[in-house]
Amino acid sequence: MSNTISEPPLELLPEPVLRIGDTRVNGTEGGDYQHTYAATGRPTATVPLAGAAEIEQAVRAARAALPGWRATPADRRRDALAAVSRLITEHTDRLSRINVIDNGTPLTVALAQGGMAADLFAYNAGWADKGGGEVHETWPIPALDYSLEEPYGVIGVIIPWNGPITALGQVLAPALAAGNCVVVKPPELAPFSALAMAELFDEAGIPPGVVSVLPGGPEAGEALVRNPGVDKIHFTGSAAVARRIASAASERLVPLGFELGGKSAVIVFDDADIDTAIQSALAGISVNLSGQGCINGTRTLVQRGLYDDFQAGLTEAVGSITIGDPMDARTTMGPVISELACERILGVIDTAVTQKHGRLVAGGSRLGNGLEDGYFIAPTVFADVDPQSSLAQEEIFGPVQSLIPFDSEDDAVRLANETAYGLAGYIHTRDLGRCHRLAASLEVGDIWVNGGFGIPASVPFGGVKSSGYGRIGGRHGIREFMRPKNVWIAL
Ligand code: NAD
């Protein structure tokens, strides 16, 4: 049966403009971008892109708004963010459909991400009125010494295309709760969700200039990093771009927060619940954004005794994925983001086959049968993968899973840690002692044991090594956007 892709509801899209303070800017220095729908490859809307001039204008608007927002009583900041949360909930359906148009995420996943964003604003609204500081002991001279937790000022926020609504919730909610103003640069590949969120900030009564949203490309991002009016940069994206940002930031020593990519291991021991473990490996290359998620488990290490059964089970499970129209609630896997991404991922698969990085046991090609105009790649599994190959080491950001056998617990830990990245780890075992030993020895920021995946707003999230530094979520997330100022009063 041929697949049919429904027409995306373009009438839901927000006005394609830059939202700078209380002005809406069209004709820009950055030119225009023709956005396309990943499921059909057809154009959706033309979006103006920010150039350095518009970034400068937005930073000025943020600086002008800063004294007022900082001085806003904590309860009013709290209520404004709670209002954002309520509005996101009210508009989740529209926002989620816009997210689908942005990047081809299946609607069910986009709806869940909308829910996460609403929750992030509700949770962080609760921090807005719990600031303050601490009083310290002093010696040998008696004094009253206290520290105040202050916002940085203006935060430059650079987000990727793969989860725009969640990324905004994770960063903007704590940044605003702490009393900062933000200038947000979403990428041209997925500009609409952030613009739609900006409408909700207005509706919630967040004053003009506190949040500006300017879709743009790398030049706009660089202009934001270099702008002296920006007090901190929070970047979510690839390690390669993070290195460029760190280099530019070093010129004016602006502080950075980095949420970067990963090559996370799913570690499956002989005693694991095999079905749960298979779902974990499957999620890494399907429902979780067609393998385009920073935290996806894309290297699956399986203990030798379970290896053959696991491989057979995973290749069979791949056949159960419903690939197709992202707007259809039955779809569990959508396209990848662009034609360029399609070609790049197919190139990685081709290299892995010709250089014998592993044995291709499922997928490996672009999908047709009604899907040929979109950017659909079959969920792909390689078995017996060389752990040192580029297939096992580099972030592919596409639906490609690598299976690697191991013998002992020590082997599993060594293989899991033998990567430049350190974002997530997924452990599958019924041995409680082993869970704790692995949790202590894996070089990552986030660990999930035996499935049940979730990232509630209350937990710290972030990476180590080339997966970044800093944390979003929980108490750590709000601290990311505040810094202490110490005050000594001689007695
Ligand atoms: P990317 O690094 O190519 O781009 C991210 C953002 O940086 C975009 O807005 C882009 O326009 C901007 N940018 C590009 N060059 C720049 C420069 N020189 N200066 C300033 N800004 C610049 O990443 P992507 O392809 O959009 O997203 C995929 C990457 O993001 C993956 O590596 C993924 O793992 C990572 N990611 C991480 C998390 C996390 O929370 N850890 C979440 C989502 C995505």
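Which residues point one way from strand 12, and which the other way? Ser 264, Val 266 and Val 268 point one way, Ala 265 and Ile 267 point the other way, and all are buried (under 20% relative accessible area with a 1.4 Å probe, protein chains only). In a regular strand the side chains alternate between the two faces of the sheet. Strand 12 covers residues 264-268, and because five of the five are buried, the strand is largely enclosed by the rest of the structure.

The model is predicted, so local features need pLDDT of at least 70 and side-chain atom pairs pLDDT 80 or more, while totals for chains, interfaces and linings use all residues. Residues are numbered from 1 along each chain as its sequence is written, and side-chain values use heavy atoms, without hydrogens and water.

Strands (E, at least two residues) and helices (H or I, at least four) are DSSP runs numbered from the N terminus. Strands pair if DSSP finds at least two bridges between them. Strand 12 pairs in the parallel sense with strand 13, residues 297-303, over five bridges; there, Val 302 is the bridge partner of Val 268. Strand 12 also pairs in the parallel sense with strand 17, residues 424-428, over four bridges, and Ala 265 stands opposite Gly 425.

The largest cavity has a volume of about 100 Å³, the volume being the space filled by probe spheres set on the points, which are joined across faces, edges and corners. Of its 17 lining residues (an atom within 4 Å of a point), those closest to the centre are Ala 265, Arg 299, Ala 416, Ala 424 and Val 444.

How values were computed
Buried means under 20% relative accessible area, exposed over 50%, partly exposed in between (1.4 Å probe, protein chains only). On a 1 Å grid over the protein atoms alone, a cavity is a set of points where a 1.4 Å probe fits but cannot get out, and a pocket is an open set with protein on both sides within 12 Å along at least five of seven lines; lining residues have an atom within 4 Å of a point.
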